[in-house]
Amino acid sequence: RLTTEASRAIRPFVWHLQHTFQRMVEAEEHRRADHLRRRHVAQDSQIYFDELRIKAHALANQVRAVGNADAVNSHF
């Protein structure tokens, strides 16, 4: 009988502990998922801007080439 009463007395504390632990685990899972999402977005952004830099560099080279061709042709 004493064991039953002790079990009844402890049950709310055990439930609270389990509930708190579960919320902590879920919060950590959400934090980890957010971190992975941010990392993926950062990687995608890096790829995008690397490609954009390459295209801008190529365009600048083409503009310089046109400018050089105009300078050469104006001498003739």
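**Charge pairs, shape and surface**

Analyst: At 40% relative accessibility, glutamate 28 counts as partly exposed (buried means under 20% relative accessible area, exposed over 50%, partly exposed in between, with a 1.4 Å probe and protein chains only). This is a predicted model: local features need pLDDT of at least 70, side-chain atom pairs count only at pLDDT 80 or more, and totals for chains, interfaces and linings use all residues. Residues are numbered from 1 along each chain as its sequence is written, and side-chain values use heavy atoms, with hydrogens and water left out.

User: With which residue does arginine 31 form a salt bridge?

Analyst: A salt bridge is a side-chain nitrogen of Lys or Arg within 4 Å of a carboxyl oxygen of Asp or Glu. Side chains of opposite charge can pair when their charged atoms come close. For arginine 31, the closest N and O atoms of the pair are 2.6 Å apart.

User: Is arginine 31 buried, partly exposed or exposed?

Analyst: The relative accessible area of arginine 31 is 45%. That value makes arginine 31 partly exposed.

User: What separates the closest N and O atoms of aspartate 34 and arginine 37?

Analyst: Both residues lie in helix α1, 3 residues apart. Aspartate 34 is partly exposed, at 33% relative accessible area. The two form a salt bridge, with the closest N and O atoms apart by 2.3 Å.

User: How many salt bridges does the rule give?

Analyst: Another joins aspartate 34 and arginine 37. The count comes to 2.

User: What radius of gyration does the protein have?

Analyst: The secondary structure comes to 1 helix and 0 strands (DSSP runs, H or I of at least four residues for helices, E of at least two for strands). The C-alpha atoms fill a box of roughly 110 × 10 × 5 Å along the principal axes. A compact globule of 76 residues would be near 11 Å, by the rule of 2.2 Å times the number of residues to the power 0.38, over C-alpha atoms. The protein has 33 Å.

User: What share of the 76 residues is buried?

Analyst: The accessible surface comes to about 7,300 Å² (Shrake-Rupley method, 1.4 Å probe, with only the protein chains shown as cover for residues). Carbon and sulfur atoms hold 63% of that surface. The buried share of the residues is 0%.
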